[in-house]
Amino acid sequence: MYYELYIDVLFLVNFMMDSLLLLSINQILKCSATHGRIFSGGALGAALTCAVTAVPAPGVVKFLLFHTVVNTIMIKTGLRVKGKKQFWKAFVLLYITSFLFGGILQALHPYVRTGSLFFAAAVGCYYVIKCCWKFFVRLQSVQKKVCDITLYTSTGEQKVKALIDTGNGLEDNFSKEPVSVIDKTLARSVLADEDLKNGFHYIPYRTVGKESIMPVFRIRKMCIHLEEERWVEAPVIGVCEERVSEQQEYQMILNPDLLGGI
């Protein structure tokens with residue numbers, strides 16, 4: 001069985017796919033490669049693919065050339081990889097992103113009948129992977145800022161999740177101490193009248209498009225569980241009207257000044 005293979009179409013398809021793969025890897029690894037360098041790597045990878053395809057050689061030899069020589073040259077040319085470790089990361093990511101691209105394009109295959117739609121779908125795959133990666137990075141960033149805290153009140157001990165919010169600069173206008181924030185639901189479950197009377201007063205605060213006042217008071221102490229435990233005696237706690245986390249990922253917003261202003 002024989003197939004007609006148009007070398008210009010093969011080059012164009014491989015150039016586009018290789019460039020999109022390199023753009024995705026550059027985004028993930030933050031290699032700081034320019035678009036010109038990436039497209040040069042894509043063009044070289046496509047040219048080498050066409051050359052290996054045209055060469056009369058056994059299938060095993062072509063397979064090895066595709067998955068060792070061509071990929072290596074394409075990565076070295078298109079990305080500013082630094083050292084062996086980053087190169088191997090890029091090499092593995094090349095196959096992972098190729099798998100993702102292939103899966104998405106396979107799912108869209110029944111709806112993609114013409115070449116122009118295929119190119120549009122491939123570009124759409126790149127943006128889908130890019131958005132998914134940004135979401136994953138953002139989620140990881142939030143998770144790194146969430147820590148465990150034990151609150152010690154007159155009702156006993158209560159462990160909660162707290163977000164270390166670098167944007168929380170709330171300060172008690174009387175004692176000039178940093179204020180951490182919990183919501184009403186948590187306040188009702190962990191606090192007693194004795195806690196609410198301890199240094200109770202109101203402080204002004206401001207959020208986006210809103211100014212109001214917040215009740216604050218002191219609890220006995222709290223322990224911030226990081227790599228090294230940080231104990232805070234008689235911390236100032238504020239209670240806000242809204243939930244501090246809609247998805248209940250954390251129940252407290254910790255003032256970073258309690259950790260030295262990180």
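A: Buried means under 20% relative accessible area, exposed means over 50%, and partly exposed lies in between (1.4 Å probe, protein chains only). Glu177 is partly exposed, with a relative accessible area of 27%.

Q: What kind of model is this, and how are residues numbered?

A: This is a predicted model, in which local features need pLDDT of at least 70 and side-chain atom pairs count only at pLDDT 80 or more, while totals for chains, interfaces and linings use all residues. Residues are numbered from 1 along each chain as its sequence is written, and side-chain values use heavy atoms, with hydrogens and water left out.

Q: How many salt bridges does the structure hold?

A: Side chains of opposite charge can pair when their charged atoms come close. A salt bridge is a side-chain nitrogen of Lys or Arg within 4 Å of a carboxyl oxygen of Asp or Glu. The structure holds three salt bridges. One of them joins Lys161 and Asp148, at 2.8 Å from N to O. Lys161 lies in strand β2 (residues 156-164) and Asp148 in strand β1 (residues 146-153), so this pair ties together parts 13 residues apart in sequence. Strands (E, at least two residues) and helices (H or I, at least four) are DSSP runs, numbered from the N terminus.

Q: Which residue meets Glu177 in a salt bridge?

A: The partner is Arg218, at 2.4 Å from N to O. Glu177 lies in the loop between β2 and β3 (179-183) and Arg218 in strand β5 (residues 210-218), so the two parts tied together are 41 residues apart in sequence.

Q: Is Glu241 buried or exposed?

A: Glu241 counts as exposed, at 54% relative accessibility. Its side chain meets that of Lys184 in a salt bridge of 2.9 Å, N to O.

Q: How is a pair of aromatic rings described?

A: The description uses the distance of the centres and the angle of the planes. Rings of Phe, Tyr and Trp (its six-membered ring) pair if their centres lie within 6.5 Å; planes under 30 degrees apart count as stacked, over 60 as edge-to-face and the rest as tilted. By this rule there are eight aromatic pairs. For Phe91 and Tyr95 the centres are 5.5 Å apart and the planes at 50 degrees, so the pair is tilted. Both residues lie in helix α4 (residues 83-108), four residues apart, about one turn of the helix. Phe91 counts as buried at 14% relative accessibility, whereas Tyr95 is partly exposed at 32%.

Q: Which residues do ring pairs link into a cluster?

A: The cluster consists of Phe87, Trp88, Phe91 and Tyr95.
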